[in-house]
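These are my notebook entries on a structure that I looked up.

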Amino acid sequence: MKTELLLLGATLLCAAAKPLSKAAQRNKLLLVSFDGFRWDYDQDVDTPHLDQLLQDGVKAKYLTPPMLTMTSPSHFTTITGRWVEDHEVVHNMMFNAQTNQKVPHKQTLTRSEWWDNGVQPLWITAQNQGLKTASFYFPGGGANYSGQVVNRVVLEESGYPDDNETEWQQNIDQVMSWFSDEDFHLVTLYYGEPDNVGHAKGPDHPDRKKIIRQIDRTIGYLREAILRHGLGDSLNVIITSDHGMTTVKKRPQVDEIVLNKYLNLIKLASFEILDYGGFGILTPRPGREQEVFNALSNAPNLTVYKKHELPESFHLAKSRRLPPIVVVGDLGFNLNSRFIVYVNKGDHGYHSGEMDMKTIFRAFGPDFRRNFLSEPFDSVHIYPLMCRVLQIQPAPHNGSLTVTEGMLLHSGGSQRSRLSVALLLSTLLFMFTEL
Ligand SMILES: *[C@@H]1O[C@H](CO)[C@@H](O)[C@H](O)[C@H]1NC(C)=O
Ligand SMILES: *[C@@H]1O[C@H](CO)[C@@H](O)[C@H](O)[C@H]1NC(C)=O
Ligand SMILES: *[C@@H]1O[C@H](CO)[C@@H](O)[C@H](O)[C@H]1NC(C)=O
Ligand SMILES: *[C@@H]1O[C@H](CO)[C@@H](O)[C@H](O)[C@H]1NC(C)=O
Ligand SMILES: [Zn+2]
């Protein structure tokens, strides 16, 4: 009788231990970014799959990107949880104000010296804690960080069309097999749309609605692929973006900005990046800083800052890389240098407080609440949320888990393990009373 009871006790112990091993189970994470997805792009298009995501998960009313509302700076804040002045990826283009070197965006993606400034992105932090990570086209994924590379990297080819829906689906299948067949824990997946269409046609063009429908179908495809790969109860997904988009204001509606009208650029500045949307940088020639500042202070429809006087909320002033003068256009005003660049009908780079610069945040999966509408928050807070979901120790960062943890079903494993310990104790108690 005693042996039978002992056996029963042992069986019960195993049963009780089960939730413990479940608590130790680490769910996986897919971070998807659709470049330039303005917060309200889904509100004038039929998007059944995005709508379903709210039923099945979390939606933020909108997400505020960091200053600078540009692709590389913003993506790197998401993946590091650090402000731009800390991670120092202060532009899409790598530049050197001393040598006047400027490297185009796509080429900058593989230049480690632009990305590796002593701040550790999530991939590397996770790998150092035993996880397997991959980056599919994601900005920053192609660099070395203190000699460490992301376990698996697929780089975007320059000049390759990136709106092919068939390939979007193939990329999802590829990523799903990394999760299901090769046990990757974290994959970041990047899509270049709707940014391209937003720039080329403007956010109000019918083609922007068309690409949002394509993105919506792709999200439907993703959800189906998750189930097909048996990842429904082990994969969490965050869908977000880096900035919004606004219509570029043009004549005759407004007088476009041409900075050379207000200061002699060649005479007063030794380096500049202008003609790049709503954000510009200048290095004045020696002794000419005040002159440049005064000239631009008189120019309409823009705000000029001395770097060390940049508002604290921008989190840019500490940057070593930013040149001494920073210029931000009023919403929709592009900062043209010498002549008006008519290429883009939509643009970004403006103040992150402008609603047109706000972007999206969605999440679903085993660790996320369902039907949870979150208040707006800053994208810097995504990082500690991702660390919590992956159950890893974050690197130093500027986010706060208190902003985002309300989206989670359990605030970590602690609740579940407490439950398991209680179960275990009651089982032991039961055994001893029986004996
Ligand atoms: C990263 O480092 C490895 C070896 O140290 C090197 O082969 C590779 O070219 C580097 N990649 C980049 C993008 O710098
Ligand atoms: C899209 O990609 C698929 C698969 O690579 C290819 O077969 C197809 O021709 C592409 N379509 C277009 C319009 O480029
Ligand atoms: C641009 O600046 C001019 C001159 O200060 C001003 O009259 C105009 O209202 C501004 N335009 C916009 C759209 O803010
Ligand atoms: C951001 O985090 C880093 C690392 O902890 C810290 O050094 C820096 O002061 C923080 N920035 C702000 C504005 O708190
Ligand atoms: Zn972008």
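Predicted model: local features only at pLDDT ≥ 70, side-chain atom pairs only at ≥ 80, totals over all residues.

Residues are numbered from 1 along each chain as its sequence is written, and chains are lettered from A and ligands numbered from 1 in the order in which they are written.

Entry on the ligands. Around ligand 4 I found Arg82, Trp83, Asp86, His315, Pro396 and Asn398. I sorted residues by class: Ala, Val, Leu, Ile, Met, Phe, Trp, Tyr, Cys and Pro are nonpolar, Asp, Glu, Lys and Arg charged, and the others, Gly among them, polar. The shell of ligand 4 then divides into two nonpolar, two polar and two charged residues. Ligand 1 is surrounded by Thr110, Ser112, Gly142, Ala143, Asn144, Gly147 and Val149. That shell has two nonpolar, five polar and no charged residues.

Entry on the fold. I recorded 15 helices and 20 strands, taken as DSSP runs (helices H or I, at least four residues; strands E, at least two) numbered from the N terminus. Of the 435 residues, 44% count as buried, that is, with 20 or more other C-beta atoms within 10 Å of their own, C-beta atoms being placed from the backbone.

Methods:
Near = placed C-beta within 6 Å. Buried ≥ 20, exposed ≤ 12 C-beta atoms within 10 Å, placed from the backbone.
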